[in-house]
Amino acid sequence: MIRTTFTQELGITHPIASAGMARVAQADLTAAVSEAGGLGCLGGSTMMPDELHRQIESIKARTSNPWAVNILLPESLTTEDDSAWVPVREALGRMSPEDQAKMDGIKAFLTPGVVSRQVEIILEARPAAVVVTFGTPKWFIDECRQRGITTMALVGSIGAARRADEDGVDILVAQGTEGGGHTGRASTLTLVPGVVDIVDKPVLAAGGIADGRGLAAALAVGAVGAWVGTRFVATPEAFGHQRFKERVVNGALNQVDISKAYSGKTMRGFRNEWTREWESKQDQAAPFPLQYAVAGPLVETGYIDGDTERGMMPAGQSVQNIHDIRPAGDVVREMSAEAERIVKNLGASFAP
Ligand SMILES: Cc1cc2nc3c(=O)[nH]c(=O)nc-3n(C[C@H](O)[C@H](O)[C@H](O)COP(=O)(O)O)c2cc1C
């Protein structure tokens, strides 16, 4: 068993967290990972308040182990200045009725006041940890601390790591560009030790980790565990069309790329007709979350319809190394056991 400050602080068995992937990481996946001894994380950011509440109740009914929830807290979503929402309302108003009816997967990002309701629900539910992305507002970190909730934050650069540290976040998740979903430019193998060197806090590694080899490498560069997304897409418990999961299993390194085409922020996912259409006009994409008022319906086109040519399908470079759809609990146990074997036997592979 690999014990680290991460497993000790969270009271979990394996130093592995499943990423709080919007749409993909619902109660099924979260509970399965936590039940297996990892830290399951609910992708709460795109859930409207009632749905978020329902999903949290469902996790609680299925596991008594620690679990986490992810939300996005950029100023653009938390602002109470109504004038900031005018462009969103105008863009939504320009959508066809068919497109408007297909916005379920993304409505939470385009509705004022939703994030403050999400915050209330999460603080009341008291998960073991909250994982925040796109900002670490100090008021929120303090509210969590007062309730004994561990705070974790995704960071994609040294600057973001410093800010999260100063805001009082407990655990940093250093996410390299290899990762699926929104991602920066620094690679995992350079970012993780860089963050480890500047903060006196536990650091998880993210981006490109799909098996025990990746976890062992993360531990070798100073991380105390791994935050894993794409590998968990290819599990029966993940939400999403079978074609998306099969694409991850059959995917190759050169099929995933970074594009602003869906959200307005740099996101790594499968390249397709829609991302190619936007390739030459990246700088014309509206800023996050406004681009969703253009591309929002394509979120469900990916996750629900399984249309690989138009639909959004975030995925990281680890698609190269994922070869099967496997129960999430097995992924956790096998990744941990393989990393332990590798770490113990590493010296034995040296040439005499
Ligand atoms: C399908 C998918 C959806 C994602 N959604 C979110 C999200 O809602 N919030 C977030 O902080 N990160 C999200 N991410 C990024 C993950 O949190 C994580 O950093 C990343 O998946 C790690 O790299 P990996 O995919 O190589 O394991 C998503 C990633 C994927 C693949």
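**Close-up views of a predicted protein model**

View 1. Glu 273 is placed in helix H14, and, once its neighbours within four places in sequence are left aside, Glu 273 is in contact with Glu 309 and Arg 310. Which side chain makes a polar contact with the side chain of Glu 273? The partner is the side chain of Arg 310, at a distance of 3.2 Å. Glu 273 and Arg 310 are 37 residues apart along the chain, yet their C-alpha atoms are separated by 5.9 Å.

View 2. Is Thr 275 buried or exposed? Thr 275 has a relative accessible area of 6% and is therefore buried, since the cut-off for a buried residue is under 20%. Apart from its neighbours within four places in sequence, Thr 275 is in contact with Ser 259, Ala 261, Tyr 262 and Phe 270. Val 343 lies 68 residues away from Thr 275 along the chain, and the C-alpha atoms of these two residues are separated by 40 Å.

**View 3. Thr 133 in strand E4.** Strand E4 consists of residues 129-133, and Thr 133 lies in this strand. Thr 133 counts as buried because its relative accessibility is 12%. What does Thr 133 touch, not counting residues up to four places away in sequence? The answer is Asn 70, Ile 71, Leu 72, Leu 73 and Pro 74, together with Leu 154. With Asn 70 there is also a polar contact, in which the side chains of Thr 133 and Asn 70 are joined at 2.9 Å.

**View 4. Ala 17 in strand E1.** Ala 17 belongs to strand E1, and with a relative accessibility of 0% Ala 17 counts as buried. When its neighbours within four places in sequence are set aside, the residues in contact with Ala 17 are Phe 6, Leu 39, Ala 226, Trp 227, Val 228 and Phe 232. Val 299 is 282 residues from Ala 17 along the chain, with 24 Å separating the C-alpha atoms of the two.

**View 5. Two arginines with a positive phi.** Most residues other than glycine have a negative phi. Arg 23, although not a glycine, has a positive phi of about 70°, and Arg 126, again not a glycine, has a positive phi of about 50°. Where are these arginines placed in the chain? Arg 23 is in the loop between strand E1 (16-18) and helix H2 (27-35), while Arg 126 is in the loop between helix H7 (114-125) and E4. At 16% relative accessibility Arg 23 counts as buried, whereas Arg 126, at 51%, counts as exposed.

**View 6. The cis peptide bond at Pro 289.** Most peptide bonds are trans. Phe 288 and Pro 289, however, are joined by a cis peptide bond, for which omega is about 0°. Pro 289 is found in the loop between helix H14 (273-279) and helix H15 (292-295).

**View 7. Gly 347 after helix H17.** Gly 347 lies in the segment that comes after helix H17 (328-345), and with a relative accessible area of 44% Gly 347 is partly exposed. Between Gly 347 and Ser 280 there are 67 residues of separation in sequence and, from C-alpha to C-alpha, 48 Å in space.

**View 8. The whole protein, as a setting for the close-ups.** The secondary structure of the protein comes to 17 helices and eleven strands, and its C-alpha trace spans about 65 × 45 × 40 Å along the principal axes. For 352 residues, a compact globule would have a radius of gyration near 20 Å, and the 19 Å of this protein agrees with that. Buried residues make up 56% of the 352 residues. Of the contacts between residues at least 6 apart in sequence, 64% join residues at least 24 apart. The protein exposes about 14500 Å², of which carbon and sulfur atoms supply 50%. There are 34 positive and 42 negative side chains, and the centres of these two sets lie 2 Å apart.

Technical notes. Residues numbered from 1 in each chain as written. Predicted model: local features only at pLDDT ≥ 70, side-chain atom pairs only at ≥ 80, totals over all residues. Heavy atoms only, no water. Helix = DSSP H or I, 4+ residues; strand = E, 2+ residues; numbered from the N terminus. Buried < 20%, exposed > 50% of the residue type's maximum accessible area, 1.4 Å probe, protein only. Polar contact = N/O pair within 3.5 Å; in protein donor to acceptor, adjacent residues only side chain to side chain. Contact = heavy atoms within 4.5 Å. Rg over C-alpha atoms; globule rule 2.2 N^0.38 Å. Areas by Shrake-Rupley, 256 points an atom, 1.4 Å probe, with all protein chains shown as cover. Lys, Arg positive; Asp, Glu negative; His and termini not counted. Charge placed at Lys NZ, Arg CZ, Asp CG, Glu CD.
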